[in-house]
Amino acid sequence: PSLAFAAPPSASPHPSPLPWGGDAHSGALGLAQHPKSTRRPASASGGRPRPGATVAFSGAADAAKAGTTSVTASSLNLAKNLVGSGILSLPAGVAAFSASPAALWPALVFLAVATVLSGYGFFLIGRVCEETQTSTFGAAWKGSLKRGSWVPQLVCILECFGGSVVYAMVIGDVISSLIGGFLPVGLPMRTLSILGIGVTTLFPLCCLRSFGQLSRFSLLGTIATSYVVLFVAKRFFDGSYGPGGAFFDASTHPVLQASGAVGLNANMLVLLSILSTAYLVHFNAPQMYAELEPGDAKATKQKKFAMVGLYGFGIAAAQYALIMVFGFLTFGRATQGNVLLNYANGDLLGIGARAAIGISMLFGYPMQFAGLRSGILEAAGSEIDLPKGKHRLVTAAILGGILGVACLFHDLGKFQAIEGALLAAFLIYIAPPMMALRLWGGPWTKARFYTLIGIGIVLTVVGCKVTMA
């Protein structure tokens, strides 16, 4: 049976397709009262939906199963699922190709285009689910393409792995920035923070078999991201980091070019790759479509789903634009991959922003990690519910690998750009039209789908080359 949640999730660019639902990659939590269970994941093909979508806004499991979630509730759930840790890297995406305020114009165009194309891919998956009468990504893939069922399973594992690494990176950044002033200079604070938190906190949390005790933190991610948006805008308008400001640092000023045109260059793909990660919610589309209240006809429900995409992606785009614009205007070329690291350690509001994001990610980590662990076990042909000893051993082995990767990567923006180019572009721009091509065959329709696939291939190939350069 479906499970009810204590509160709607607010997730992020990374799907965490967990067997029992919950939210994943934004630091926001949608936590279930989940008893110990041995049931298999929702889709044997591995295309388990991102769990945020399993939550009706009313919290009524039966209502969600019957498909009675309103357009408004679904739109808010979608927006909550979109806005997460990806928002922290957007200003760095602009700084990757220019130091001029004029760069914000093409950046906003890219944001608008990414919003439209991502929303269209999300809508396409809903249409495919309607035509194939499926409610998971894996089932929709199998029902339309008739082969390659291993693809969504692999994507699930890689997405959860990437999300787990990003969580650990953000936690390490936050903890090291908060405690750095209290420990001797010269210590590898970030590495020690990641390993220390991993051993003392993340490992016990990841060993949990029920996440009900974490439900009190279910709305923390939503509050944290909203606070960060307001904080970044406030610090731009009050001039705290400009000349004469309380936190002005002459070593990083001026960080903006006074003027100058911005020409097209390959580094713009870094921003596009980050935007792909920020908009990665497409594993949620099948279940969100299934939960949406039905219309009088199939076309009516599809129109409602289109409105859900329009409102949800629109709300997320507005928050992305605010962070991207004001974060870049505040720090320009000096913007770090995690924009919160640009703010002074003595800035109390900045400390609050980092602490809120860090805590929300800390308690969201078990949900993200559980999706990875169950995906690996399923791929290996093992039962999901292992005996206690094996459960802890597998958890330690996987977590150790994740923490090692998180220690190696220091630039959150670059890691998310790589992930966006390698994986998110496939899920957003390539997979939806691939599935749709098997169902609709008009010449203009095919041309539109092939164009979207071409965009995805360019972002994947060229984006990876530029980002890794």
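How are α14 and α15 oriented to each other, roughly parallel or roughly antiparallel? They are roughly antiparallel, a label used for angles over 145 degrees between N-to-C directions. This is a predicted model, in which local features need pLDDT of at least 70 and side-chain atom pairs count only at pLDDT 80 or more, while totals for chains, interfaces and linings use all residues. Residues are numbered from 1 along each chain as its sequence is written, and side-chain values use heavy atoms, with hydrogens and water left out.

**Helix packing**
- Helix α14 (residues 412-437) packs with α15 at an angle of about 165 degrees, and their axes are 8 Å apart; axes are lines fitted to C-alpha atoms over the stretch in contact, with angles from 0 to 180 degrees.
- The crossing of α14 and α15 is left-handed, meaning that the near helix is turned anticlockwise from the far one by less than a right angle.

**Surface patch**
- I457, V458, V461 and V462 make a nonpolar surface patch of about 320 Å², where patch residues have over 30% relative accessible area and no salt bridge, and nonpolar side chains are joined within 5 Å.
- V458, which is found in helix α15 (residues 443-468), counts as partly exposed because its relative accessibility is 44% (buried is under 20%, exposed over 50%, partly exposed in between, with a 1.4 Å probe and protein chains only).

**Positive phi in loops**
- Q133, in the loop between α4 (104-132) and α5 (137-145), has a positive phi of about 55 degrees although it is not a glycine, and Q133 is exposed at 64% relative accessible area.
- K146, in the loop between α5 and α6 (150-179), is likewise a residue other than glycine with a positive phi, near 65 degrees, and K146 is exposed at 63%.

Terms used
Patches are made of residues with over 30% relative accessible area and no salt bridge: like charges are joined within 9 Å, nonpolar side chains (Val, Leu, Ile, Met, Phe, Trp, Tyr) within 5 Å. Accessible areas come from the Shrake-Rupley method with a 1.4 Å probe; for residues, only the protein chains shown count as cover. A salt bridge is a side-chain nitrogen of Lys or Arg within 4 Å of a carboxyl oxygen of Asp or Glu. Helices (H or I, at least four residues) and strands (E, at least two) are DSSP runs, numbered from the N terminus. Angles under 35 degrees count as roughly parallel, over 145 as roughly antiparallel, 65 to 115 as roughly perpendicular and the rest as oblique.
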